[in-house]
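Dear colleague,

I am handing over the structure we spoke about, and you will find it just below.

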Amino acid sequence: MFQLANPRRFYDLAQRLEPWVWAIAAILLSYGLYLGLIVSPPDYQQGETVRIMFVHVPAAWIAMMAYSGMAVASISSLIWRHVVADLFAKASAPVGAGFTFLALVTGSLWGRPMWGTYWVWDARLTSVLILFFLYLGYMALWSAIEDQTKAARAAAVLCLVGAINLPIIKFSVDWWNTLHQPASVARLGGPSIHPAILTPLLVMGIAYMVLYLAMVLQRTRIEILEHRLALALAADASRADRDTSTLSHRSAHSPEGAL
Amino acid sequence: MSALVCVFRRDLLLAIRQGGGPSLGLGFFLIAGTLAAIGLGPEPNLLARAAPGMIWVLALLACLLSLDRMFQADFEDGSLDLLPSASTALPALVLAKILAHWLTTGLPLILGTPVLALLFNLPDDALIMELVSLTIGTPALSLIGGIGAALTVGIRRGGLLLSLLILPLYVPILIFGVGAVEASASGMDPFPHLALLGAASLVSLVLAPLASAAALRLHLS
Amino acid sequence: MTPPDPIKPGSLFDLSLRVHDLACHRSGRAVFQGLGLDLAPSQALLVTGPNGSGKSSLLRMVGGLINPANGTIRMNDPELIVAEQSHLIGHLEGIKLALTLGENVAYWIGLLGHVPPNAAAKRVQTALSAVDLHHLTDRPARFLSAGQKRRLGLARLIAAPRAIWLLDEPTLGLDQASIGRLEAMMAAHRAQGGIVIATSHQPIELPGAFSLRLSPKMSGVTP
């Protein structure tokens, strides 16, 4: 675990693992979609629409999971000041936001035939929407602060505050929903999941998880490269600053030869 | 102890002396309420139905508007640098500032609520519950808002970012706050809502000063 | 190093400052490292160096605003926190323009000092007299000129007595008479056993001060 704290080690490991992880994700995803879209029977009530569940429900799982992953990375970033933890959290956010968006879109596509409208204030959809806003805020904070070390720490504090709030938000939205929603309305991926659709759902869940891992590994690797580049540029700038006198002297003598 | 009183007194004094202070947020609250009523239309039953949620949302926005000055002004003139060198712990000093913020923004909103209730045709017993829930809930708005204000201190256009960071975190406060009023209006027991609202305020009271202090420290470094 | 001039260590402060193996990183870049300092009561240090060499960062580090990337900053009494025993005068004065001079100083006393309430009013006068602003006590600070605001900022040093003064370009914006007053304040502070660490581009009278020159040695990137 602590070996991974070294950006170079993490980079090498990620580079070696990446093709495998992508391959496993592709296989699992194909299998899951095959099970969900072709093998599994249509629902007696929802008909073919139920198949959206196989894309939607696991996306909502990963949306939550990615945020928890960021929270864990944020804790280790604040305690041990790990650059890799910072970059991992930074790299996770757009991936998590992507899955959150997928859950929102598929949820509302499912709602169109079921509720007759694209949006109903369903408890799960509402929580996912607020989670999406949390992701947006997290990413906005990262990009708003120039100094990357400070940005990482600020984002970590925000992520933890969000992680503490998330269960409270989820609870409050469920609470609000039970007060306002008539019980007869079909709930998105309601409490009772039929065993026939459980297998494809789990396979899709695992497939998404591996896909998430592949994306985050790759993005973290890119972030490490960018981090290194930024450091090198900063070092170069101060070196250039120090050498200004020598450079101007040289260019005065041979304008073209300086390079 | 005296350092806390000192910070608290100074922030109150500044809020009163600078640019109208407490009246600004209250002014926004009342004007936005008027616009909301015009937007909804003058039908008394509709207004009364919308009032509990509308008043809460407006209170939340009015609070948000004044949040970005909580630490930003002190950051700009350098006085924020002094807080960490006081012998009183930084989270406690931050709490004193947040308390001053609540007294100068949250409390005026509560005092202005009867006026909005009048405009929205809100019945008296619902108004009382609205006042109770605002009293329990608005401290949490200042507390959670303090985290956002501390996180965005020194950032250009930080106010806009602040709202993006903080508004999602206000969701539970809004739900429990409005829930209490609606429960009592429909003849149910508002106590569970108020208890949850109070719990949310207490959790914020413990965590917000710590998180805000951590955020301030990193911006000062 | 030769000992500083024989100012007699006073009774008020008896604290010495020890900085060991200090390293500073800014934006992931090493600014300085391996810095050591040892200042006994009454001693002073003048820090020089070009822009970006970390002068301000060093002062903010001793003042507890920046965490050192490495190394320690301690006093001879391990119970004491250095930041709570020091005053940092930076580029910003930390003045509230809507408050009067007296209210500004009273706030500093309450926040930073350990002065009993009944002595506070007298101390406000002492602090404002030290920077020759006592006749403006009840004037809101917004009516001050830039130089007067700088002086009001310096009144903090007197308002709440603290052993270590960290002065970042304190002469900036001061006229000759005010610089003389500041030099007298520093001498009096050291006579009481206080420590002064200052950065200055302008020549400043700090008798017997050690000098530290920070150079922007590029030691590559941080791990």
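Which side chain of chain C meets the side chain of Asp74(B) in a salt bridge? Before the answer, please keep in mind that this is a predicted model. The partner is Lys96(C), and the distance between the nitrogen and the oxygen in this salt bridge is 2.6 Å.

The interface of chain B and chain C

By the rule applied here, four salt bridges are found across the interface of chain B and chain C, and the rule also finds eight residue pairs in polar contact across it, both residues of each pair having a pLDDT of 80 or more. On the side of chain B that touches chain C, helix 1 (2-17), helix 4 (69-77) and helix 9 of chain B each supply at least two residues. The largest share of that side comes from helix 1 of chain B, which gives eight residues. Counted by contacts, 27 residues of chain B meet 26 residues of chain C. The size of an interface is often given as the accessible area lost when the parts come together. For chain B and chain C the area buried between them is about 2200 Å², and 58% of it lies on carbon and sulfur atoms.

A nonpolar patch on the surface

Helix 9 of chain B, already named for the side that touches chain C, also gives the largest share of a nonpolar patch, with six residues taken from its span of residues 191-220. The patch lies on the surface and consists of Ile164(A), Leu95(B), Leu202(B), Val203(B), Leu205(B), Val206(B), Leu207(B) and Leu210(B), which together have about 650 Å² of accessible area. One of its residues is Leu202(B), which lies in helix 9 of chain B and counts as exposed because its relative accessibility is 53%, where over 50% is required.

Chain A as a whole

Chain A has seven helices and zero strands, so that its elements, read from the N terminus on, run α-α-α-α-α-α-α. It has 259 residues, of which 44% count as buried, and its accessible surface comes to about 13200 Å², with 67% belonging to carbon and sulfur atoms. Among the contacts in chain A between residues at least 6 apart in sequence, 80% join residues at least 24 apart.

Is His56(A) buried or exposed? His56(A), found in helix 2 (residues 52-80) of chain A, counts as buried because its relative accessibility is 0%. A polar atom of the side chain of His56(A) lies 2.8 Å from the backbone oxygen of Ala103(A).

In chain B, Thr113(B) belongs to helix 5 (residues 90-119), and with a relative accessibility of 0% it likewise counts as buried. Leaving aside residues up to four places away in sequence, Thr113(B) touches Phe29(B), Ile55(B), Leu127(B), Glu130(B), Leu131(B) and Leu134(B).

In chain C, His114(C) is found in the loop between helix 2 (101-112) and helix 3 (117-130), and it counts as exposed because its relative accessibility is 68%. His114(C) and Arg162(C) are 48 residues apart along the chain, while their C-alpha atoms are separated by 9.9 Å.

With kind regards

Note on methods: Residues numbered from 1 in each chain as written. Chains lettered and ligands numbered in written order. Predicted model: local features only at pLDDT ≥ 70, side-chain atom pairs only at ≥ 80, totals over all residues. Heavy atoms only, no water. Patch = residues over 30% accessible without salt bridge, like charges linked within 9 Å, V, L, I, M, F, W, Y side chains within 5 Å. Areas by Shrake-Rupley, 256 points an atom, 1.4 Å probe, with all protein chains shown as cover. Helix = DSSP H or I, 4+ residues; strand = E, 2+ residues; numbered from the N terminus. Buried < 20%, exposed > 50% of the residue type's maximum accessible area, 1.4 Å probe, protein only. Contact = heavy atoms within 4.5 Å. Buried area = accessible area lost by both parts, 1.4 Å probe. Polar contact = N/O pair within 3.5 Å; in protein donor to acceptor, adjacent residues only side chain to side chain.
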